[in-house]
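Visitor: I'd like a close look at a single part of this one. Could you pick a helix and walk me through how it sits among its neighbours?

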Amino acid sequence: METLSFEFPAGQPSKGRALVGCVGSGDLEVLLEPGQPGTLSIQVVTSVNGSSARWENLFARMFDGQNPPAMSIDIHDFGATPGVVRLRLEQGFEEIGHD
């Protein structure tokens with residue numbers, strides 16, 4: 001198991017919380033909570049050691065040119081593909097947008 005941490009610039013904190021996915025399904029779960037203004041912090045606990053560059057590239061592509069809400073995102077990964085990670089994050093952002 002490996003724990004990775006990332007930070008990106010962000011706007012104001014979100015108002016909602018969301019939990020999407022289920023790590024028990026062989027996939028991953030994502031918990032999104034309001035964070036500190038100006039910062040999007042992401043912590044990934046993954047079963048795939050040595051995958052830091054893959055995660056960093058995925059997040060950089062997702063947030064490039066964006067101003068996401070300030071959030072604290074916890075990801076518990078069980079070897080999900082980058083497409084599934086992106087899908088779960090987009091689901092989470094959609095959920096907090098409904099609050």
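**Helix 2 and its surroundings**

Guide: Let's start with a pair: helix 1 and helix 2 pack at an angle of about 45 degrees, and their axes are 11 Å apart. That angle makes helix 1 oblique to helix 2. On the helix 1 side, the contact is made by Arg54, Trp55, Leu58, Phe59, Met62 and Phe63. Helix 2 brings Pro82, Val85, Arg86, Leu89, Glu90 and Phe93 to that contact. As for handedness, helix 1 passes helix 2 in a right-handed crossing.

Keep in mind that this is a predicted model. Now for helix 2 by itself, which covers residues 82-97. With 16 residues at 1.5 Å a residue, helix 2 should span 22 Å, and its end C-alpha atoms are 23 Å apart, which agrees.

Next, see which residues are tucked away: Val85, Arg88, Leu89, Gly92 and Ile96 of helix 2 are buried. Look down the axis of helix 2 and these buried residues fall within an arc of 100 degrees, so they line one face of the helix.

Key. Residues numbered from 1 in each chain as written. Predicted model: local features only at pLDDT ≥ 70, side-chain atom pairs only at ≥ 80, totals over all residues. Heavy atoms only, no water. Helix = DSSP H or I, 4+ residues; strand = E, 2+ residues; numbered from the N terminus. Expected span 1.5 Å × (residues − 1). Buried < 20%, exposed > 50% of the residue type's maximum accessible area, 1.4 Å probe, protein only. Arc of directions from axis to C-beta. Axes fitted to C-alpha atoms, helices over the stretch in contact; angles between N-to-C directions. Parallel < 35°, antiparallel > 145°, perpendicular 65-115°, else oblique. Left-handed = near helix turned anticlockwise from the far one by under 90°. Contact = heavy atoms within 4.5 Å.
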